Every structure is written in C-alpha cells, then in structure tokens.
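Please consult the sequence and the model shown below while reading.

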Amino acid sequence: MSRIHPTALVDSSAVLADGVEVGPWCVVGPGVTLGENVRLLSHVVVQQDTTVGARTAIHPFCVIGGDPQHGGYKGETVRLEIGEDCLVREHSTFNRGTPVGGGLTRIGRGCLFMTGAHVGHDAVVGDNVTFANHATLGGHTEIGDRVFLGGLAAIHQFGRVGQGAIVGGLAAVTRDVIPYGSAWGNHARLHGLNLIGLKRKGYDKTAIRRLLAAYRDLFEGDGTFAERLDAVEAGYVDLPEIMEITAFIREPGKRPLCLPGE
C-alpha cells in the first residue's frame with residue numbers, strides 16, 4: 001500500500017508499487033512508475049514518462065524526468081529509467097532522452113547522487129556510480145560502473161568515462177577517460193590509474209603492479225601510441241582490465257582520448 005501526503009499531486013496514469021511514499025508537495029506526473037518502497041521525501045517533481053527502481057530515495061527539490069535541454073525537442077514521448085537502490089540528494093536534475101539520441105536516459109542501480117547532480121539527456125550511467133556535489137553530465141554521455149565523479153566535475157556531451165575510473169573535483173572533461181583511470185584538471189588530463197578504487201575493489205599489490213606496468217607501457221613507453229597499443233594488447237592478454245582499456249580506446253567513432261600531460 002502506498003502512502004501519499006494530502007498535499008501531493010499524483011497523476012491518474014502514474015503507477016505506484018507497494019510501499020511507495022510520496023511526501024508533502026510532491027508532483028508525480030503522467031507515465032511515471034515508482035517501484036516498491038520508493039520514497040519521495042518532499043517537494044520532489046517526477047515530471048513524466050519516468051521509471052524509478054525499487055527502494056530509491058529522492059530528497060527535496062529534485063526535478064526527475066524533466067524535458068531534455070535540447071533545442072530540437074518538440075514534445076515527443078521520451079523516457080528516463082532509474083535503477084534500484086539509488087540515493088538522490090537535494091536539487092538534483094535528471095532529464096529524459098531525445099528522439100535523435102534514442103529517446104532514453106538510463107541510470108543504473110546503487111548510484112549515489114549528491115546535492116545538485118545533473119544527468120543530461122540520453123546519458124547512460126552504470127551501476128554503483130557516485131556523483132559528488134554538482135557533478136554534471138552533458139547529453140549523450142556514457143559513464144561506466146563504479147565511476148566516481150568529484151564535486152563540480154563536468155563531462156562534455158558525447159564523452160565517455162570507463163568503468164572504475166575517478167574524475168577529480170572541478171575537472172572539465174572534454175576527452176574520453178579510460179577504464180580504471182584517474183583524471184583531473186581543467187581541462188582534465190590522465191594522471192594514472194584509480195588506485196584507491198582498485199584497492200577498494202580488492203585488487204592485491206601484485207595485481208595493481210601489473211596494471212601499473214601495463215599503463216606505463218601504453219602511455220609512457222617507446223614508439224608511437226599505435227605501436228604501444230598493439231604491444232600492450234599482445235603482452236597483457238591475460239589481464240581483462242587492460243583488454244577493456246584497449247577495447248575502449250579502439251572503439252570507433254568516439255571522442256579523442258584523455259591523455260597524460262596534454
């Protein structure tokens with residue numbers, strides 16, 4: 001059974017699962033689905049055509065499922081999907097997709113969005129991602145699992161951040177960040193691997209040393225970058241993380257890579 005505060009407005013087409021709480025002065029619009037035990041604390045707007053996964057909690061003054069901030073949007077039906085067990089803090093804003101971008105903004109499960117986080121239209125956010133205060137995604141961005149975005153970091157539209165990477169606070173990221181990388185600065189540069197994240201994930205010293213060796217061979221070794229990329233693929237084929245990095249780099253049609261020292 002759902003609990004809806006008398007001051008809340010819930011559209012007749014919205015679907016509320018068991019245990020949903022809709023707090024004071026919230027607005028739940030048409031085409032919205034709230035999963036089991038979702039909590040809208042107060043003054044939350046879930047505008048329309050949005051699915052919120054079970055046990056996700058959304059704090060006051062968030063606007064979820066707002067229209068895409070895109071000059072070509074003409075009111076077409078587009079969606080936002082949020083996974084289970086997310087925590088969305090105050091003043092965060094998540095936009096729905098656009099017809100030209102596939103019509104869907106998708107956020108994974110177990111994500112933490114601190115105050116003022118923004119997810120732009122058609123973005124894809126993986127599982128267990130952390131947005132520190134006011135971290136921002138432009139449209140069409142791709143964020144892998146377990147990424148950490150520091151406070152006030154901004155990812156340029158169409159940018160990619162590979163899984164397990166960390167982006168420092170205040171970083172302006174205009175190029176792709178490799179999986180497990182550590183990037184910071186304005187504009188952001190690659191400064192190595194996300195060692196803290198690797199340790200937290202349970203990688204031991206031996207594994208981390210091999211990953212660092214592969215990183216140095218790729219970004220600091222002799223020869224052209226293309227030659228080093230070939231050599232690393234051949235020499236570290238037993239390391240799935242390195243194979244993920246090389247595949248990430250080789251993916252055609254993507255933005256330039258965030259590199260050290262640039």
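Rings of Phe, Tyr and Trp, the last by its six-membered ring, are taken to pair if their centres lie within 6.5 Å. The model is predicted, and it holds four aromatic pairs. Such a pair is described by the distance of the ring centres and the angle of the planes.

**Phe113 and Phe131**

- The ring centres of Phe113 and Phe131 are 4.7 Å apart, and their planes stand at 45°. Planes under 30 degrees apart would count as stacked and those over 60 as edge-to-face, so this pair is tilted.
- Phe113 belongs to strand 16 (residues 112-113), whereas Phe131 belongs to strand 19 (residues 130-131). The pair therefore ties together parts that are 18 residues apart in sequence.
- Phe113 counts as buried, at 0% relative accessibility.
- Phe131 is likewise buried, its relative accessible area being 0%.

**Phe219 and Phe225**

- A tilted aromatic pair is formed by Phe219 and Phe225, with 5.9 Å from centre to centre and 35° between the planes.
- Phe219 has a relative accessible area of 11% and is buried. The cut-off for buried is under 20%, and Phe225, at 26% relative accessibility, therefore counts as partly exposed.

**Ring cluster**

- Phe94, Phe113 and Phe131 are linked into a cluster by ring pairs.

**Charge over a ring**

- Which residue lies over the face of Phe248? Arg160 does, at 3.8 Å from the ring centre.

Notes. Residues numbered from 1 in each chain as written. Predicted model: local features only at pLDDT ≥ 70, side-chain atom pairs only at ≥ 80, totals over all residues. Heavy atoms only, no water. Helix = DSSP H or I, 4+ residues; strand = E, 2+ residues; numbered from the N terminus. Buried < 20%, exposed > 50% of the residue type's maximum accessible area, 1.4 Å probe, protein only. Lys NZ or Arg CZ within 6 Å of the ring centre and 35° of its normal.
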